[in-house]
Amino acid sequence: MITASELRVGDVFKNGNDVLVVQKLEGTKTGRNMSVTKLRVKNLLTGTTAEAAYRMSDTFEDITLDIKKMNFQYANGDTYNFMDNESYEQHEIEKEDLGDAPNFISEGMDVEIVFYEGKPVSVKLPILVEREVVYCEPGIKGDTSGRAMKPAKLDTGYEIMIPLFCDIGEWIRVDTRDGSYKERVKK
Amino acid sequence: MKLDFICQVIDNYGDIAVVWRLVKALLQEDTALSIRVFVDDLKAFQKLVPDVKICDKQVLTVAIHGKQVSVEVIGSLALSQSGVFCENPAQVLVEAFGAPTPEPYLEAFRKEAVKTPKLIIHLEYLTAEPWAQEYHLLPSLVPWPGVKKVFFVPSFLPDTGGVIVDQDFWAKVNLSGRFASKERREFRRQVTKRLNLDVGADDFLITLFSYEHDYGNFWDDLGRWISDTRKTAVVVVFEGRQKEGADLSWSRFKEREGGRQRAVLENLKVLNCPFLAQNDYDDLLLAGDFHVVRGEESWVRAVLSGRPFLWHAYLQPDGYQLVKTEAFMTAISSFFKENTGLFEGMNKEFLAFNQRQINSSDDEPQEHYSFFFQNMAEMEKILKNFAVEVVENRNLAYILLDFLHKPQL
């Protein structure tokens, strides 16, 4: 069994006879130190997607699926192409099945691809990924509090809020669970 | 329609207080509802409703529009047992604040749902945060044939589950008049007499009901206001979590001011009050002028009363109570358009009052109270407008019943 708090984008679980893959998830704090989560799930049997809310303590029957390490090659429109690192076999996944992953992956990056009945259904990302800042207003030296934020664009095109002290060309760690800035990385 | 409520008392009295308020509010909308309440702490329930007995099963009667309506209450011992208490599960199960439904009941519920579809309502905590609009009425997929589950999120915002109004309470809000009015004085006289509290009709009446807090600034500000205005004030301090902080700072204030401000101490009376039943607390709140409230149930009563108040939000890790406080202030901000200064003052004190990492009776308080004392009539006018908006457009019982009557099962 797996609890809602343990779910990550790309995880697959069973709800009755339905097999659901998590495409997107976001948690929020409610009252009395409790939390709930909102998921966008795709039913792998019917192809339909739905939004659903859960308590973090809700449990599901998880499914053990084939996971292969693959390399992201390129995107052609809404189709993303990945190559099996061992067999060199190529697989395509539609953008809508990747959840927020396109915000964090770039060509040449290794990711884990989840297979259901021989078909790639989702991508699992590490919790933290390193990405380059390609646009933001100039950094403010000396402001290292990290409390004041400014908008920025990453090399994947993803727009994110980063601290004032970060600058163009610098690398940052991003939390793939909620797309938030974590820390600056020295490269 | 039959509804079963599952209530788990986690701490304090808020869980069962909200559930019981909702039960009454639903019956006020539809007296034909058949309601059972499963609660795991009857002693907490008894504090709020003295008619409650400590036994497995009882029937409480509630006066609704002059008619006595029955509500079945199942106590803690029975809650985890299979058998008679799990027979005839209701069409709608309300899990208050995500209270876990005991497996024997759930088993019976699921079994019946195969023949007759059933609904589980996950009743969330009240919040003014925008996520309430996103989560309200979202399904929570469950693997049981015939069972649907949805999130129901109470909030001050539109397109949410709304706020528990309680028509009896609202009628009393209107009966108790405006600040310093003849109606208010008469309402206060009747209530304080019945509760045996020594309060004069012209006294400025304050109640303190919060989590642990240092009330040093409260006594200083109140003392200064009394000294400036020559008014008389009565402060009701309830037993419970705020009492130590209120007592400690009151002793310090008396010690410090006793010699030089005798007139202030003569015009300021402190009444220690036992925990009041829900109806009595409602009445005292409406008899009063300014209140410190906490959590959810007393917060909502304070909002609907229109009385100026300070809300002590439930302490959360990383100071998250401030996010909840800010969200509430944002929700009421549009009502202060004509007087943004009042909003700024209230906002500042609300945030200062909730600025804490731990609950402490002896800390360095950040908030000040003079702002409230000096702007009572104007603030009450604005807050009452907000209360009217909530009552007219965000009546939770009405919204819930409207949802339940739609063909979704």
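**Contacts and salt bridges**

Reply: In this predicted model, B:D318 has a relative accessibility of 69% and therefore counts as exposed.

Me: With which residue does B:D318 form a salt bridge?
Reply: B:D318 sits in the loop between strand 12 and helix 13 of chain B, and the pair crosses between chains to strand 3 (residues 18–29) of chain A. The closest N and O atoms of the pair are 3.7 Å apart, and the partner is A:K29.

Me: Which residue of chain A pairs with B:D11 in a salt bridge?
Reply: B:D11 belongs to the loop between strand 1 (2–7) and helix 1 of chain B, while its partner lies in the loop between strand 3 and strand 4 (35–43) of chain A. The closest N and O atoms are 3.2 Å apart, and the partner is A:R32.

Me: How many salt bridges does the rule find across the interface of chain B and chain A?
Reply: The interface joins 30 residues of chain B to 22 residues of chain A. The two chains bury about 2200 Å² between them, with 53% of that on carbon and sulfur atoms. Across this interface, the number of salt bridges found is 4.

Me: Is B:Q316 buried or exposed?
Reply: B:Q316 lies in the loop between strand 12 (309–312) and helix 13 (321–333) of chain B. Its contacts beyond four places in sequence include A:T30, A:G31, A:R32 and A:N33, and a polar atom of its side chain is 2.9 Å from the backbone oxygen of A:T30. The relative accessible area of B:Q316 is 5%, and buried means under 20%, so B:Q316 is buried.

Me: How many residues apart in sequence are the parts that A:R131 and A:D155 tie together?
Reply: A:R131 and A:D155 form a salt bridge whose closest N and O atoms are 2.9 Å apart. A:R131 lies in strand 12 (residues 128–136) of chain A, and A:D155 is in the loop between strand 13 (149–154) and strand 14 (159–163), so the parts tied together are separated in sequence by 24 residues.

Me: What is the reach of helix 16 of chain B from its first C-alpha to its last?
Reply: Helix 16 covers residues 376–393 of chain B, and its 18 residues would be expected to reach 26 Å at 1.5 Å a residue. Among its buried residues are B:M376, B:L383 and B:V390. The reach in the model is close to the expected value, namely 26 Å.

Methods:
Residues numbered from 1 in each chain as written. Chains lettered and ligands numbered in written order. Predicted model: local features only at pLDDT ≥ 70, side-chain atom pairs only at ≥ 80, totals over all residues. Heavy atoms only, no water. Helix = DSSP H or I, 4+ residues; strand = E, 2+ residues; numbered from the N terminus. Expected span 1.5 Å × (residues − 1). Buried < 20%, exposed > 50% of the residue type's maximum accessible area, 1.4 Å probe, protein only. Contact = heavy atoms within 4.5 Å. Buried area = accessible area lost by both parts, 1.4 Å probe. Salt bridge = Lys/Arg side-chain N within 4 Å of Asp/Glu carboxyl O. Polar contact = N/O pair within 3.5 Å; in protein donor to acceptor, adjacent residues only side chain to side chain.
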